[in-house]
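Dear colleague,

Please find below the structure that I promised to pass on, followed by my notes on it. I would be glad if you read them with the model open beside you.

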Amino acid sequence: MTTFQAPKGTYDLIPPDSAKYLAVREAIAAPLRNSGYGYIETPGFENVELFARGVGESTDIVTKEMYAFETKGGDRLALRPEGTASVLRAALEANLHKSGNLPVKLWYSGSYYRYERPQKGRYRHFSQVGAEAIGAEDPALDAELIILADQAYRSLGLSDFRILLNSLGDKECRPVYRDALQGFLRGLDLDEDTRRRVDINPLRVLDDKRDSVQKQLVGAPLLRDYLCDGCKAYHEEVRELLTAAGVVFEDDEKLVRGLDYYTRTTFEFVHDGLGSQSAVGGGGRYDGLSEMIGGPALPSVGWALGVDRTVLALEAEGIELELPASTSVFAVPLGEEARRVLFGVVTRLRKAGVAADFSYGGKGLKGAMKSANRSGARYTVVAGERDLADGVVQLKDMESGEQAPVALDAVVEEIRAKLG
Ligand code: AMP
């Protein structure tokens, strides 16, 4: 028989490690929920045009990495490679921006797909938690999002990360800079692909990882020197708000990010323990995106944090999350009658909110106690025929090893009291 394996570039989340992923998602979501962001869920696929226009025709994501396909009905769809375009599409479609209550603040959590060359920290299926604040131009909003991401990482115990910050200018000053940069780049010795990039999206050439290119970029015009007064003041305000909030960041003039839609504030969270795939999250302002996908002008800002890489970052820093044991009480019945009675006890415990599990499959005492140990339960309830005849069960404290009889009809309350 053929056995199957997970497709290349993907992996399964299985217990006990999967609990870490849930905890990371929860830790990133908690500060958002606490700050007026509402949960949004969009489909795993969209019309391919949405990403082509929204993410950018010249980006690697669209040209090389998209899982695009035609359906039997002839629709051209793509698995979502990122969240922002979908969330904005959904907000526009539901007219959330017309509610008179801007910004619309949304958060999401889900799977994303990019046909990339797999390596540690880079997968074809990965998981992000993201946030978008749609329809307001306010430096405090940019600052809020960066502060909330910082808070999320710190709540997980992470400290070995840095925040890189830049401004990409707006539709006034960015074109002027773009021209100047193009003039500079056209004088360099670049391969054909890169020359094409110079024509379509010259800012992204600054992001080229190759030494041969980076060496030639010394002396390239810097966006900083071209920012208009509005962009400069805006950026300065973001910086001041972050500093006042105690969030440490580094100015990084070369931070352009791989997506076309960013304007003004852009930022990236990088972790220093991750090697080449060091970006754990990133985002920025995308004031032009709504119009690019057919909506009204809606200045917006957002980020997405990678769950997979955040888990790797925890491992790199040697952080063990304090995850509550999934089972507090384990029931071990000895005999048929005990099976029925203890199954009832387990059901009552669960209804009372106590995490309880049961020895299934008719195991003997030894095997059942092994399962109890593995479950991590604090207490084991054991009962045999003689106990039942006496109207009791044996309650064993798995930490101290002590065991004592407890009246059957008092056991749920007794355990609840003991667990506090
Ligand atoms: P991006 O949309 O490219 O800015 O990605 C935002 C975050 O998602 C990154 O900082 C990573 O943490 C994560 N991410 C992006 N692509 C991948 C991938 N192929 N594998 C794992 N994580 C990824």
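An open sheet is formed by 8 strands in the order 1-5-6-11-10-9-7-8, with mixed pairing; here two strands pair if DSSP finds at least two bridges between them, and strands (E, at least two residues) and helices (H or I, at least four) are DSSP runs numbered from the N terminus. At the edges lie strand 1 (38-39) and strand 8 (250-251), each of which pairs on one side only. This is a predicted model, in which local features need pLDDT of at least 70 and side-chain atom pairs count only at pLDDT 80 or more, while totals for chains, interfaces and linings use all residues. Residues are numbered from 1 along each chain as its sequence is written, and side-chain values use heavy atoms, with hydrogens and water left out.

Within that sheet, strand 9 (residues 263-271) and strand 10 (residues 279-285) are antiparallel partners joined over 6 bridges, and Thr 263 stands opposite Arg 285 of strand 10.

Strand 12 (residues 329-333) is largely enclosed by the rest of the structure, because 5 of its 5 residues are buried, where buried means under 20% relative accessible area, exposed over 50% and partly exposed in between (1.4 Å probe, protein chains only). Val 329, Ala 331 and Pro 333 are buried on one side of the strand, and Phe 330 and Val 332 on the other. Strand 12 runs parallel to strand 13 (residues 356-358), with 3 bridges between them, and Val 329 has Ala 356 as its bridge partner there. Strand 12 is also parallel to strand 14 (residues 379-383), to which 5 bridges join it, and Ala 331 is the bridge partner of Val 381 in strand 14.

The buried residues of helix 12 are Ala 338, Val 341, Leu 342, Val 345, Val 346 and Leu 349. They are on the same side of helix 12 because they cover an arc of only 145° around the axis, the arc being that of the directions from the helix axis to the C-beta atoms. The face turned away from this buried side carries the exposed residues Arg 340 and Lys 351. Just after helix 12, Gly 353 takes a positive phi of about 90°.

With best wishes
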